[in-house]
Amino acid sequence: MDLQLQAALDEFSVLAVWSAITIYVLAFLAFAYDLSQRASAAPITQREAVLVGAAGGPQPPRRTGRGGSLRVPGAERSRRYFARLGIAFTALGFALHLAATVTRGIAAERVPWANMYEFALIGTLLIVAVYLAALRWYDLRFLGVFIVGMVVFFLGGSTISFYVEVTPLMDPLKSIWLIIHVFVASLATALLAIAAGLSTMQLLQARRERIKATGGEEVAPDRGYLRTLPKAEVLETLAYRFAILGFIFWTFTLIAGAIWANESWGRYWGFDVKEVWTFVIWVIYAGYIHARATRGWRGTKSAWLSLIGFATVIFNFTIVNLYFQGLHAYSGVS
């Protein structure tokens with residue numbers, strides 16, 4: 001490709017990234033204002049009835065109409081204007097984000113995930129994609145502040161700190177298994193990010209429910225946005241389902257990574273620091289799923305395990321990539 005055209009495409013990609021970040025910030029503000037509206041609104045008891053279900057214990061929110069919206073009263077729908085605005089901004093930001101990623105790939109004439117900047121570009125793109133897709137089945141607009149805020153932080157920080165111009169791939173990276181490995185790992189991270197957001201809300205909701213159960217609302221009136229959200233058990237069930245999906249994809253990440261390692265270095269496993277931390281993450285989530293399913297670890301215990309697991313995912317992407325030397329040192333930040 002002509003160098004001038006390559007530079008122009010890369011410049012457009014960066015411009016699209018910053019435009020997407022700007023739109024994501026607007027989405028973050030809209031979601032934040034929606035939460036403030038929730039805090040000042042009257043309690044919505046009908047909504048919890050829909051979320052929990054008449055029988056069979058807590059169930060996640062169900063799709064009840066076109067687009068996956070919940071059955072909520074008209075007053076509730078009118079108050080959700082800023083939530084809908086947040087979704088619209090998120091979708092627009094996603095379109096710009098996707099354009100930036102595709103343009104970067106065209107400029108590089110390869111799949112754009114060969115360094116830290118490109119990893120962040122595709123990883124945050126998939127987080128938004130999974131969140132928008134999940135909205136068709138579950139009303140997760142209350143997670144918008146967490147999801148979009150995290151995307152702004154990582155995408156903006158990576159663009160400032162890790163951006164590098166388009167460079168050719170190193171030989172070990174020229175493998176179809178790398179493409180599969182990184183894509184599946186990014187998709188797993190997106191699912192685990194949503195699980196972490198739900199676990200965070202679960203902890204906050206569980207605390208509120210404990211206060212109510214002990215009569216604490218007589219001292220501190222129940223006026224927060226949490227009373228408009230699903231119960232802690234429902235949030236835990238949703239977090240568990242997203243974590244299971246993420247764990248399945250993370251398992252395949254390990255498998256694809258081992259095949260790629262054998263292609264590149266002639267062995268499936270070599271205790272490289274990145275390999276070790278990928279396995280550590282797998283063990284933590286396997287423990288989380290096992291403990292909840294067979295050991296009765298529910299409530300705050302399972303939520304904290306979910307958050308610890310996601311913290312190791314973030315540690316693996318940031319600290320391990322930046323400060324540990326190994327065969328995966330392709331970050332392109334130097």
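Select Tyr138 first: at 19% relative accessibility it counts as buried, because the cut-off for buried is under 20%. Keep in mind throughout that this is a predicted model.

By the ring-centre rule, the model has ten aromatic pairs. Tyr138 and Phe242 form one that is edge-to-face, with 6.1 Å from centre to centre and 70° between the planes. For another aromatic group, select Tyr33, Tyr81 and Phe82, which form one cluster.

**Helix α7 and its partners**

Two packed helices are described by the angle between their axes and the distance between the axes. Show helix α5 (residues 116-134) together with helix α7 (residues 176-213): their axes come within 8 Å and cross at roughly 50°. The two helices are therefore oblique to each other, and the crossing of α5 and α7 is right-handed. To see the contact, display the side chains on both helices. From α5, pick Phe119, Ile122, Gly123, Leu126, Ile127, Val130 and Tyr131; they meet Val182, Phe183, Ser186, Leu187, Ala190, Leu191, Ala193 and Ile194 in α7. Sorted by class, this contact of α5 with α7 has 13 nonpolar residues, two polar ones and no charged ones.

Which residues make the contact between α6 and α7? On the α6 side select Phe146, Ile147 and Met150, and on the α7 side Ala193, Ile194, Ala196, Gly197 and Thr200. By class, the contact of α6 with α7 comprises six nonpolar and two polar residues, with no charged residues. Ala193 and Ile194 of α7 are named in the contact with α5 and in the contact with α6.

Stay on helix α7 and move to Ala206. Is Ala206 buried or exposed? Its relative accessibility is 12%, so Ala206 counts as buried. Leaving out residues up to four places away in sequence, Ala206 touches Ala232 and Thr300. Draw a distance from the C-alpha atom of Ala206 to that of Lys231: the value is 7.8 Å, for residues 25 apart along the chain.

Next, select Asn316 in helix α10 (residues 300-323). Asn316 has 5% relative accessibility and therefore counts as buried. Which residues is Asn316 in contact with, leaving aside neighbours within four places in sequence? Select Trp250, Lys274, Trp277, Thr278, Ile281 and Asn321 to see them.

The last stop is Phe279 in helix α9 (residues 273-294). At 40% relative accessibility, Phe279 counts as partly exposed. Not counting residues up to four places away in sequence, Phe279 touches Leu254 and Trp269. The C-alpha atoms of Phe279 and Leu254 are separated by 7.3 Å, with the two residues 25 apart along the chain.

Methods
Residues are numbered from 1 along each chain as its sequence is written. This is a predicted model: local features need pLDDT of at least 70, side-chain atom pairs count only at pLDDT 80 or more; totals for chains, interfaces and linings use all residues. Side-chain values use heavy atoms; hydrogens and water are left out. Axes are lines fitted to C-alpha atoms, for helices over the stretch in contact, and angles run from 0 to 180 degrees between N-to-C directions. Helices (H or I, at least four residues) and strands (E, at least two) are DSSP runs, numbered from the N terminus. Angles under 35 degrees count as roughly parallel, over 145 as roughly antiparallel, 65 to 115 as roughly perpendicular and the rest as oblique. A crossing is left-handed if the near helix is turned anticlockwise from the far one by less than a right angle, and right-handed if clockwise. Contact means heavy atoms within 4.5 Å. Ala, Val, Leu, Ile, Met, Phe, Trp, Tyr, Cys and Pro count as nonpolar, Asp, Glu, Lys and Arg as charged, and the others, Gly among them, as polar. Rings of Phe, Tyr and Trp (its six-membered ring) pair if their centres lie within 6.5 Å; planes under 30 degrees apart count as stacked, over 60 as edge-to-face and the rest as tilted. Buried means under 20% relative accessible area, exposed over 50%, partly exposed in between (1.4 Å probe, protein chains only).
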